[in-house]
Amino acid sequence: MRRDQERDQCRSARVDPGADRFPSGLYDAVLLDRDGTLIEDVPYNGDPEKVRPVPGAREALDRLRAAGLRLAVVTNQSGLARGCFTADELRLVNARVEELLGPFDHWAICPHAEADGCACRKPAPGLVHEAARALGTTPTRCVLIGDIGADTAAAAAAGAATIMVPTPATRAAEVAAAPTVAADLPDAVSTVLARMRLTAAPQRAGRNRRGTILVVRSDAAGDVLVTGPGIRAVAAGAQRVVLLCGPRGRAAAELLPGVDEIIEAPLPWIDAPAPPVDPGDMRALTDRLAAVRADEAVVFTSFHQSALPLALLLRLAGVPRISAISDDYPGSLLDVRHRVPAGVPEPERALSLAAAAGFALPGHDEPALRIRSDRLPPPAAEAGAPGYVVLHPGSSVETRACPEELATRVVRVLAAAGHRVVVTGGPDERELTARVAAAGGVDLGGRTGLAELAAVVAGAGALVVGNTGPAHLAAALGVPVVSLFAPTVPFGQWGPYRVPTVRLGDAAAPCRDTRATVCPVPGHPCLSAVEPGRVLEALRLLGVPAPVAGGVVG
């Protein structure tokens, strides 16, 4: 209830459209589906008199315009191919939409029927790419608002953000799979503007570099990677950045831009399973933190973690200014107590804390994941020429791994279709990767540290992976992801960020939002029911061609 109230307060603060203009932000443009999103859905409508805007549409769109966002409509209109209306009638309908809702900067229209197999009909990403080009931006700087799964899938496949506004015609499975769901169009617009406001550059950012800043992100490699944009924002306003991380995140920390020094120390209140708190270790850590002589600290955490135990040690270490996200009352432990509505993607959550602390990314730096390519070794020779598909079946968390039987069948199907498949895994997954690769792939299991894995992924046409660190590595490298995402945690927070993605799996499975680390349902049904052919279809949607034609076997 408290989080809902905070979200409502965040949105209610935007009554004046002029207050929503930002010096910089996450998005340049908002793309909108037409039927069911902007106007009531009248099947195959060629009559302008039947155009009825959804409630609040004009006011919501005017808020976006006032915020400096460009607007485009992206719409499937197969009625043209079916002969239900003419091109002139379609133009008249669209002119009536603009008469009622105001002008749009571009209309991207697919006139084809489903059987035509075009590249523009949603869920293909063609309309999103067209609209972004016409608006002078890229899909990653766009957010698409639509009412069905084809809308959200098209946005994701292009690398754009997406918000679903369900109607009675929207299937429950589509709602469950959507990364963000809004009650109606005005609510979706408020969500867009709220996220832009959360991460907007503070007015004093970039004026003077602020000495030594200690940034903190404990936990695993993937957690460190998704914090990268926030850390880069701090680095843009600091003379020196020292990163405190845990042993599991050290390899990722070494790849992050903007980090000058790394302190590795486990935090028992973060690690799982949690070891006992050793007073001697805590005294030693406090002394080590004091030796940094930080001018301030920014403590990044995941949405379910507390920054307060470490804030206490930082106070004891003499750090004069501490910023962190905290729902709990922090007393005098925090100088900047930041709060974030539920559902915000983890990279944006980190960026919002940096902004609250007074730091922002410079204008030339996109709010995406990044790693230092100069620290990557040459890829393993066995991987072959670039363009292969990497399959990473394992995970340190059982529930987020791809079931072995499915992984094996995926390798077999992809290989039969002409794809070269490289199977990767950690040192403790050698037996797993050997069995999976035996179906027709190259086994690199246990032969790649994180930097070596990054070099392999960098040469891939796509990565097939569960919800685990390599998915974020691919996002940092701009490599498309086929995400076998178990719904134990929200996809909108933890899915691959700002990279072309196709999500597969049962998003409404009983394990949804349980944060379970051991599968609570026998047989891992949320992923085991995925047909390998769906992975092949996902690769086609992402534009990853097989170098050799071939048949598909099951």
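1. Helices (H or I, at least four residues) and strands (E, at least two) are DSSP runs, numbered from the N terminus. The axes used below are lines fitted to C-alpha atoms, for helices over the stretch in contact, and angles run from 0 to 180 degrees between N-to-C directions. The model is a predicted one, in which local features need pLDDT of at least 70 and side-chain atom pairs count only at pLDDT 80 or more, while totals for chains, interfaces and linings use all residues. Residues are numbered from 1 along each chain as its sequence is written, and side-chain values use heavy atoms, with hydrogens and water left out.

2. Helix H2 (residues 57–66) packs with helix H8 (residues 185–199) at an angle of about 15°, and their axes are 9 Å apart. H2 and H8 are therefore roughly parallel to each other; angles under 35 degrees count as roughly parallel, over 145 as roughly antiparallel, 65 to 115 as roughly perpendicular and the rest as oblique. The crossing of H2 and H8 is left-handed, a term that applies if the near helix is turned anticlockwise from the far one by less than a right angle, with right-handed used if clockwise.

3. In the contact of these helices (heavy atoms within 4.5 Å), H2 contributes Ala57, Ala60, Arg63 and Leu64, and H8 contributes Leu185, Pro186, Val189, Ser190, Val192 and Leu193. By class, the contact of H2 with H8 has 8 nonpolar residues, 1 polar and 1 charged. Here Ala, Val, Leu, Ile, Met, Phe, Trp, Tyr, Cys and Pro count as nonpolar, Asp, Glu, Lys and Arg as charged, and the others, Gly among them, as polar.

4. The axes of helix H10 (residues 228–236) and H14 cross at roughly 20° and come within 7 Å. H10 and H14 are therefore roughly parallel to each other, and their crossing is right-handed. Pro229, Gly230, Ala233 and Val234 of H10 make the contact with Pro347, Ala350, Leu351 and Ala354 of H14. The residues of this contact comprise 7 nonpolar, 1 polar and no charged.

5. For H17 and H18, the axes cross at roughly 55° and come within 10 Å. That makes H17 oblique to H18. The crossing of H17 and H18 is right-handed. From H17, Leu450, Leu453, Ala454, Val457 and Ala458 meet Pro470, Leu473, Ala474 and Leu477 in H18. The contact of H17 with H18 consists of 9 nonpolar residues, with no polar and no charged.

6. The second largest pocket has a volume of about 1200 Å³. Of its 42 lining residues, Ala220, Arg248, Ser396, Val397 and Thr468 are the closest to its centre. At least two residues of the lining come from each of helix H9 (221–226), helix H11 (250–253), helix H17 (450–458) and helix H18 (469–477). The lining of this pocket divides into 16 nonpolar, 18 polar and 8 charged residues. On a 1 Å grid over the protein atoms alone, a pocket is an open set of points with protein on both sides within 12 Å along at least five of seven lines, a cavity is a set of points where a 1.4 Å probe fits but cannot get out, and lining residues have an atom within 4 Å of a point. Grid points are joined across faces, edges and corners, and a volume is the space filled by probe spheres set on the points.

7. There are 3 cavities of 30 Å³ or more in the structure. The largest cavity holds about 60 Å³ of space. Its lining is formed by Val216, Ser218, Leu267, Trp269, Ile270, Val299, Phe300, Thr301, Gln305, Ser306, Ala307 and Leu310. By class, this lining has 8 nonpolar, 4 polar and no charged residues.

8. The second largest cavity has a volume of about 40 Å³. Arg217, Thr227, Phe300, Thr301, Ile325, Glu346, Arg349 and Ala350 line this cavity. Helix H14 (residues 346–356) supplies the largest share of the lining, 3 residues. The lining of the second largest cavity divides into 3 nonpolar, 2 polar and 3 charged residues.

9. Two backbone features deserve a remark. Most residues other than glycine have a negative phi, and most peptide bonds are trans. Lysine 122 and proline 123 are joined by a cis peptide bond, with omega about 25°; proline 123 is in the loop between strand S3 (106–110) and helix H5 (126–134). Arginine 498 has a phi near 55°, a positive value in a residue other than glycine. The place of arginine 498 is the loop between helix H19 (491–494) and strand S17 (501–504).
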